[in-house]
Amino acid sequence: MESKVKDKESLLRRLMEAGGEPVSGQMLADEAGVSRTAVWKWVRELEEDGFTVRSVRKKGYVLEASPDRLTPALIRKHLKDDPFVSEIIHFESVESTMPIAHREAQSGAPDGTVIVAEEQTAGRGRLARPWTSAAGKGIWMSIILKPDIPPHRAPQFTLIAAVSICRAIRELADVEARIKWPNDLLIGGRKVTGILTELQADPDRVQAIIIGTGINVNQEPEDFPEELADIATSIRMESGQPLDRAALAAAVLRNLGYYSRLYLEEGFAPIKFLWEENSDTIGRRVNAVMVRETVTGTAVGITEDGVLEIRTEDGSIRGIYSADIEPAE
Ligand code: BTN
């Protein structure tokens, strides 16, 4: 169904839906119940926002190019009718999308609310590490989920997110991202995505799960600080091609909706299977480096709780709850 035009945002959606065909200014004005000059003013505002709109004599307006941004309209264009996302809240620059998502979740934002920013000035990762989030180069977003599950099942959503992002990257770019336990995505051994899952819960029920993800999309080597030069990468650096960030954000959200549903309907088994299949850790000899000890052995699988199982030299299985994983000699 075509979007009904009533303001600048709906005009943009309508021009996008026209797929490059002209849309008559008079028709748009009649539909919105405004003058042609008012429609023309919306078009001018879209141009100020970075869109290129051509006016074709006697035919109407054509959307020729969209800016590289993560606005709700641009993400929704790729989401089409997917029902998972309820609202997208977009910011130019924030310290971090995580506290914003927590506040929104507490004040009643529904399941599927997305907070996304072009830039984060104080992005944070696991274990309170900083997360570099350069303007316009990646996807910095937090997704609010409100599944009806007990708190001990919440960590499984980190694995659902990892599988979803992995598949979204493969759908859109000619590169293969793999999952490094617990929740990093790597391409060619370097980190391309991090996932940070936080929880609001009562003792027996989840109130909200906030999935924060940082995806390095269009950085060039010089966009990373020196200390990340050997360990971080971007999809563009690996594929040699820039990627439409809004299209990738939509693919991530579509996959996350799909795999969350699958998990709620069929349980953890299909997610475990996909996680292990896409894992860079399973089957390898690794060192699990923890504060007090390092466990060396072959990673053989994950448990229902996302615990990594390592078979050590003596044949026993050790469950690893939290550690940095590095390749073993
Ligand atoms: C990690 O690998 O340590 C997790 C990184 C998570 C980064 C994302 S970017 C969007 C959201 N906002 C943040 O401040 N952090 C997460």
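Predicted model: local features only at pLDDT ≥ 70, side-chain atom pairs only at ≥ 80, totals over all residues.

Residues are numbered from 1 along each chain as its sequence is written, and side-chain values use heavy atoms, with hydrogens and water left out.

Let us start with the ligand. Which residues come nearest to the ligand? There are 20 residues around it, and Ser-96, Gln-120, Arg-124, Arg-126 and Lys-191 are the nearest of them. A residue is taken as near a molecule if one of its heavy atoms lies within 4 Å of it.

Which elements each supply at least two residues of this shell? They are helix H5 (97-106), strand S5 (138-145), strand S8 (190-201) and strand S9 (206-216). The largest share, four residues, comes from S8. Helices (H or I, at least four residues) and strands (E, at least two) are DSSP runs, numbered from the N terminus.

Next come the polar contacts, that is, pairs of N or O atoms within 3.5 Å; within protein, one must be able to donate a hydrogen and the other to accept it, and residues adjacent in sequence count only if both atoms are side-chain atoms. An oxygen atom of the ligand lies 2.6 Å from an N or O atom in the side chain of Lys-191. A nitrogen atom of the ligand is 2.7 Å from a polar backbone atom of Arg-124. In the case of Thr-97, an N or O atom of the side chain is 3.1 Å from a nitrogen atom of the ligand. On its own the ligand has 420 Å² of accessible area, and the protein covers 98% of it. These areas come from the Shrake-Rupley method with a 1.4 Å probe; for residues, only the protein chains shown count as cover.

I turn now to the aromatic rings. A pair of aromatic rings is described by the distance of the centres and the angle of the planes. Rings of Phe, Tyr and Trp (its six-membered ring) pair if their centres lie within 6.5 Å; planes under 30 degrees apart count as stacked, over 60 as edge-to-face and the rest as tilted. By this rule there are two aromatic pairs. Phe-157 and Tyr-263 form an edge-to-face pair, with 5.2 Å from centre to centre and 80 degrees between the planes. This pair links distant parts of the chain, as Phe-157 belongs to helix H6 (residues 156-172) and Tyr-263 to helix H8 (residues 245-266), 106 residues apart.

Buried means under 20% relative accessible area, exposed over 50%, and partly exposed in between (1.4 Å probe, protein chains only).

The rings of Tyr-258 and Tyr-259 have centres 4.9 Å apart and planes at 85 degrees, so this pair is edge-to-face. Tyr-258 is partly exposed at 43%, whereas Tyr-259 is buried at 6%.

Trp-181 and Pro-182 are joined by a cis peptide bond, with omega about 0 degrees. Pro-182 is placed in the loop between strand S6 (178-180) and strand S7 (184-187). Asn-183 lies in the loop between S6 and S7 and is buried, with a relative accessible area of 6%. A polar atom of the Asn-183 side chain lies 3.1 Å from the backbone oxygen of Ile-195.

Which residues other than glycine have a positive phi? Lys-80 has phi near 50 degrees, and Ala-128 has phi near 55 degrees. Lys-80 is in the loop between helix H4 (72-79) and strand S3 (87-94), and is exposed at 68% relative accessibility. Ala-128 is found in the loop between strand S4 (113-120) and S5, and is exposed at 74%.

Finally, I come to Ser-10. Ser-10 lies in helix H1 (residues 8-17) and is buried at 0% relative accessibility. A polar atom of its side chain lies 2.8 Å from the backbone nitrogen of Lys-6.

Thank you for your attention.
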